[in-house]
Amino acid sequence: MERKSVVIIGAGLGGLFTGAILAKEGFRVTILEKNATIGGGLQSFRRFGETFDTGMHVIGGMHEGGNTRRICEYLGIMDKVEVRSTDVNCSSKIFFGDSAAVYSVPIGRNNFINSLTSYFPHEKEGIVRYVDAIYAIADKIDLFNLRQASSLFTDYPPDFLTAADSFIAKYVDDNELRSLLAYMNPLYGGRGNETPAYVHAIINVLYINGTCRFEGGSDKFANLLAEVVMDNGGEVLVNEKVEWIDISDKVVRNVHTVSKRIFRADIFISDIHPCALLNLMPQDVFPRSYRTRLQEIPNSYSAFCLYIKLKNGTFPYMNYSEYYIEHSNEIWKFGEADGDWPKGFLLMTPPDGDADKYATKLLVTAPMLFDTVRRWEHTSVGCRGKEYVEWKQLCAEKIIGMIERIHPGFRDCIENMNMSSPLTIRDFYGVKEGAITGYSKDCNNIIVSQIPVVTKVKNLLLTGQNINLHGFCGVALTAISTCEVLLGQNYIINKINTRKE
């Protein structure tokens, strides 16, 4: 039988994972990427003689037996993946500016409990109950555990769709501990009274079980996925921005790119933001209610980022991530406009070859609302004007001032610095309003923010961080869901579970 052909729009992590799986399973895959480089959030760039990742990639599930690792093993790339595990005794360090408190979070379920109990001995029982609860939620999600789907109607724990802040408050009373348990909000776009407990739970379980970071640039991983596609007869084409999708009778006939090429296939898959996808097709393809829904789902907040080259031998390499929160009671307010900016940031020194004692570079991400840069939203990269450049410098100075509080003398360690704003993320990632974690999930109306991988167009599917789950692991799992629409339920899950060593 002739292999079915697939065209995937977008070579972000979702498009690459989806393409790699389908290519491995015998489909003829072509991936079209608008940028000169593939990877989406995995893109890296060279500046000041250093390679900088555009994203803050702390990866869960790469430990022995972890779900992300098992997917990579199925694809045959795990032996080529270059990652470094974070410090077992301190995977993350959290600073609260208002109380001057510092907390270290280790890897491992029991270590996590023991560490928090040492800081909050009066909350020992609540900490144990909280950890049991997040693991119970994670254990109920078949896809997260790479299990065969047991039924269409899973009996989820009562807390599953509780607001995450209320979920935490159910188990612990100490306000600072509540904020500490939510320290990873910037990684998943946590919002008070909205973020579902299951999103909070699976991210925390992933990180408690073990985290690692890419060595030498996250783009290497994107290239590994592309190699799977190409080794199985597929193509990954850059500078091929799709400008129109030809649809008739609810079937995609072909896609047109700005280079005037036309691509035909049996199946088409979109890895781009759903709102961007709508702009590539006639308005009458989807019902107005569906289009309106996609347009009105709130996006997660964006970020302002610093990429800093450090002077040789001036700043220590840290095999963990640092989180700074200015006010502990604002841990759920990164997505709100009130108060001063920044409310906090995530800082890390990426592992790079022999970087064991001193770091050569440093990455900082501070959550920021797109409204902050809306006055420049109609400008393009490199043409935003003097006011924008001066504004970026002021933002950088605010962040550096905060870093000085936890690392006195840090300013003297800086040799060079580059900055990016939500506009940069929007333009290079192609995501609406520069959202760093896609659509925002709302436990108060979860159906609205859940986008199925199938569409009303017979041969058009969706993948990527806006569908199902976001994050490195979440996107890989969503890719499985997309592929199993074509291959059959549990087809990839069974392949992963029966893989021969």
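At what angle do the axes of helix α4 and helix α8 cross? Let's start there. One caution before the answer: this is a predicted model.

The two axes cross at roughly 105° and come within 8 Å. Helix α4 covers residues 124–139, and helix α8 covers residues 197–209. Angles from 65 to 115 degrees count as roughly perpendicular, so α4 is roughly perpendicular to α8.

Who makes the contact? From α4, we have Y130, I134, Y135, I137 and A138. From α8, the list includes A197, Y198, H200, A201 and I202. Further along α8, N204, V205, I208 and N209 also take part. Sorted by class, this contact has 11 nonpolar residues, three polar and no charged.

Now a second pair. Helix α1 runs over residues 13–24, and helix α14 over residues 471–487. Their axes are 8 Å apart, and the packing angle is about 45°. α1 and α14 are therefore oblique to each other. Their crossing is right-handed.

On the α1 side, the contact residues are L13, G14, F17, T18, I21 and L22. On the α14 side, they include F472, V475, A476, A479 and I480. T482, C483, L486 and L487 of α14 belong to the contact as well.

Keep F17 in mind. Next, the cores. As a general point, nonpolar side chains in soluble globular proteins tend to be buried together.

How many residues does the largest nonpolar core have? It has 114. F17, F221 and I480 have the most contacts inside it. Helix α8 gives the most to this core, with 10 residues.

Back to F17 itself. Leaving out residues up to four places away in sequence, F17 touches I71, L75, F221, L225, F472, A476 and A479. There is also a second, separate core, of 35 residues. Among its members are F304, M318, A359 and L362.

Is F268 buried or exposed? Buried means under 20% relative accessible area. F268 is at 1% relative accessibility, so it counts as buried.

What does F268 touch, beyond residues up to four places away in sequence? V7 is one of its contacts. V252, R253, N254, V255 and F263 are others. N459, L460 and L461 complete the list.

Finally, compare F268 with Y320. In sequence, they are 52 residues apart. In space, C-alpha to C-alpha, F268 and Y320 are 40 Å apart.

How values were computed
Residues numbered from 1 in each chain as written. Predicted model: local features only at pLDDT ≥ 70, side-chain atom pairs only at ≥ 80, totals over all residues. Heavy atoms only, no water. Axes fitted to C-alpha atoms, helices over the stretch in contact; angles between N-to-C directions. Helix = DSSP H or I, 4+ residues; strand = E, 2+ residues; numbered from the N terminus. Parallel < 35°, antiparallel > 145°, perpendicular 65-115°, else oblique. Contact = heavy atoms within 4.5 Å. Nonpolar A, V, L, I, M, F, W, Y, C, P; charged D, E, K, R; others polar. Core = buried A, V, L, I, M, F, W, Y, C linked by side-chain atoms within 4.5 Å. Buried < 20%, exposed > 50% of the residue type's maximum accessible area, 1.4 Å probe, protein only. Left-handed = near helix turned anticlockwise from the far one by under 90°.
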